[in-house]
Amino acid sequence: MKTKILSLLFVPLFFTGCASIIDGGSKSVHINSNPEGAKVTISNKSGREICVQTTPAIVTLERSSGYFRGEDYKIVFEQAGYYSYETHIKSTIDGWYFGNIIFGGPIGILIVDPATGDMFTLAPRDLNFNLVSSAIPLTPDGLKAAELKANPVSIPKSRSANPRANK
């Protein structure tokens with residue numbers, strides 16, 4: 001009797017994937033702009049328009065475009081008086097997918113997580129962009145420099161070679 005009960009408890013583990021259990025489903029992405037109120041158009045990698053929102057926005061996006069295929073969304077910001085800006089939200093392998101090595105087995109690795117798209121996660125999940133004013137005409141290189149200045153990439157501070165300076 002105990003064996004039957006234990007087997008009934010463990011059978012579902014053989015028909016699920018680790019990423020599906022721990023981190024399954026569509027994912028929300030927060031999209032913000034400065035100034036607020038920018039039109040945001042989201043298209044998938046096949047070019048199909050998924051949605052049009054106004055910032056700030058929270059959108060729910062699928063993580064895959066098919067079996068073993070991650071999705072890549074093109075995000076375009078537009079607002080009168082500012083240069084338009086294009087960026088991407090991409091699917092990357094979800095770390096929980098590798099839990100199938102221990103828990104989900106071949107069914108999780110080869111069937112469940114790839115079929116549900118849960119083997120992927122989206123990055124970035126928080127998208128914040130400072131739009132650049134179009135009051136001053138800029139060349140493409142000048143615009144790229146202005147965008148980098150308005151949206152600096154944060155780089156972790158390196159630790160000093162002197163251990164006493166790190167205290």
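Analyst: A residue is called buried when its relative accessible area is under 20%, exposed when over 50%, and partly exposed in between, with a 1.4 Å probe and protein chains only. The model is predicted, so local features need pLDDT of at least 70 and side-chain atom pairs count only at pLDDT 80 or more, while totals for chains, interfaces and linings use all residues. Residues are numbered from 1 along each chain as its sequence is written, and side-chain values use heavy atoms, with hydrogens and water left out.

The part in question is strand β2, residues 39–43; strands (E, at least two residues) and helices (H or I, at least four) are DSSP runs, numbered from the N terminus. Four of the five residues of β2 are buried, and the strand is thus mostly covered.

K39, however, is partly exposed, with a relative accessible area of 40%. This lysine forms a salt bridge with E78, that is, a side-chain nitrogen of Lys or Arg lies within 4 Å of a carboxyl oxygen of Asp or Glu. The closest N and O atoms of K39 and E78 are 3.8 Å apart. E78 belongs to strand β7 (residues 72–78), and the pair, 39 residues apart, links distant parts of the chain. E78 is likewise partly exposed, at 35% relative accessible area. In general, side chains of opposite charge can pair when their charged atoms come close. The structure holds one salt bridge.

Two strands count as paired if DSSP finds at least two bridges between them. β2 and β7 run antiparallel and are joined by five bridges; S43, for example, has K74 in β7 as its bridge partner.

β2 has a further partner in strand β3 (residues 49–54), with antiparallel pairing over five bridges. β2 and β3 form a hairpin with five residues between them, and in the turn G47 has a positive phi of about 90°. As a general point, strands of a sheet pair through backbone hydrogen bonds, either parallel or antiparallel.
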